[in-house]
Amino acid sequence: MRGSNSKPRASENGNCEAADWELRPGGMLVQKREDEFDSAVPLIKIKVYHDSYQHDVTVPAQSTFGELKRVLGQVTGLAPEEQRLLFRGKEKDDHEYLHMAGVKDMSKVVLLEDPASRERKIEQMQRNQGIAKACEAVAGVRDEVDKLIEKVNALESSVRRGTKVADQEFVVLTELLMRQLLKLDSIEAEDEARVQRRTEVRRIQHYVELLDALKVAARNPNPSSNSSNGTTVTTQWQTFDSGMGSLTPPAANPFTQINDKWEKFE
C-alpha cells in the first residue's frame, strides 16, 4: 500500500480525484497507478501499425486501451476520440485492459483513424484548397484590372486637359472591365476568397462609373475645369446619374451662356 505518500491526481476532465485504489475486473480492489509508470508494474513494448507507419510504444502491462490511445495521441497527433484500436482483428473499447485482452510484450496492435474524423479532415483540406485556388483566380483578375485602370487614368488626364477623346475609347475600356467582372462572377469563393472577390467587384464598378462620367465630360468640355481636380468629374457624373443634365446641349452650341442668363431671369 502507498500509505501517506499517496496524492490526488487530475482526472481527464480536469477534476482532482483520489488515486489510491481502483476496482479491477473480477471485483479485485487494488492500488491505483499514477500516470507516471510505476516501477512495480512491468512494462511492455507494443508494435502499433498506423497506415504505412510502425510505432513502438512502451506502456505498463496493465494499462487500458484508452490509456494506450493517449500515448499514441502524442506520437501520431490523433486525438484519442479519433482513434480506433484493433487487436487480433477486433476493435477494443477504451475501458478494456491490455493484459485482459491478451496483449503482451511485442504484441501487434492496429491503429485506424475514425472514418468520420478522416472525412472531416479531407473535406477541410479540399475546402482550403478551393479557397486558395479562388484567391489565385481573383489575383489574376486584379492584375488585369490594374492594367485597365492605368488606361482609365490616362483617359481621365486627357479629359481634364480638354483633349478630345472619341467615345469608342470609353466603350472599349468599359467592355474590357465588364469582362473582368464576369470572370469574378464565375469564381466560386468562400471566406477570404469571397472577401477579395467582393472588393474587386466594387473596384471595377467604380471605374465603370468613372468611365461613364468621363464620357459625358468629354462630350461637353468646360474650359474652366482645366485647373480643377478630379472632384469635377465625379460631381458631373453624380448629377447625370440623378437624372438631371441628361439634356445638356452639344459642346459647340453657342447659346450655352444664354441659357445661364435665362435661368437667372427666371
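Helices and strands here are DSSP runs, numbered from the N terminus. With that naming, D51 sits in the loop between β5 (43-50) and β6 (53-60). The model is a predicted one.

Start with the whole chain. The protein has 266 residues, and 31% of them count as buried. It holds seven helices and nine strands. Take the contacts between residues at least 6 apart in sequence: 59% of them join residues at least 24 apart.

Now the helices. Two packed helices are described by the angle between their axes and the distance between the axes.

The angle is about 170 degrees, and the axes are 10 Å apart. Angles over 145 degrees count as roughly antiparallel, so that label applies to α4 and α5. Here too the crossing is left-handed: α4 passes α5 in that sense.

Which residues in α4 meet α5? The α4 side includes F170, V171, L173, L177, M178, L181 and L184. D167, T174 and Q180 of α4 take part as well. By class, the contact of α4 with α5 has 14 nonpolar, two polar and five charged residues.

In soluble globular proteins, nonpolar side chains tend to be buried together. In this model, the largest nonpolar core has 27 residues. Those with the most contacts inside it are V152, F170, L177, I204 and L211. The elements that give two or more residues to this core are α3, α4 and α5. The largest share, 11 residues, comes from α3.

What does L177 touch, leaving aside its neighbours within four places in sequence? L177 is in contact with V145, L148, V152, I204, Y207, V208 and L211.

Next, the backbone. D51 has a phi near 55 degrees, a positive value in a residue other than glycine. Is D51 buried or exposed? Its relative accessibility is 56%, so D51 counts as exposed. D191 also has a positive phi, of about 50 degrees, although it is not a glycine. D191, however, is found in helix α5. With a relative accessible area of 42%, D191 is partly exposed.

Finish at another loop. G89 lies between β7 (83-87) and β8 (90-91). At 65% relative accessibility, G89 counts as exposed. Along the chain, G89 and V110 are 21 residues apart. Their C-alpha atoms are separated by 8.4 Å.

How values were computed: Residues numbered from 1 in each chain as written. Predicted model: local features only at pLDDT ≥ 70, side-chain atom pairs only at ≥ 80, totals over all residues. Heavy atoms only, no water. Axes fitted to C-alpha atoms, helices over the stretch in contact; angles between N-to-C directions. Helix = DSSP H or I, 4+ residues; strand = E, 2+ residues; numbered from the N terminus. Parallel < 35°, antiparallel > 145°, perpendicular 65-115°, else oblique. Left-handed = near helix turned anticlockwise from the far one by under 90°. Contact = heavy atoms within 4.5 Å. Nonpolar A, V, L, I, M, F, W, Y, C, P; charged D, E, K, R; others polar. Core = buried A, V, L, I, M, F, W, Y, C linked by side-chain atoms within 4.5 Å. Buried < 20%, exposed > 50% of the residue type's maximum accessible area, 1.4 Å probe, protein only.
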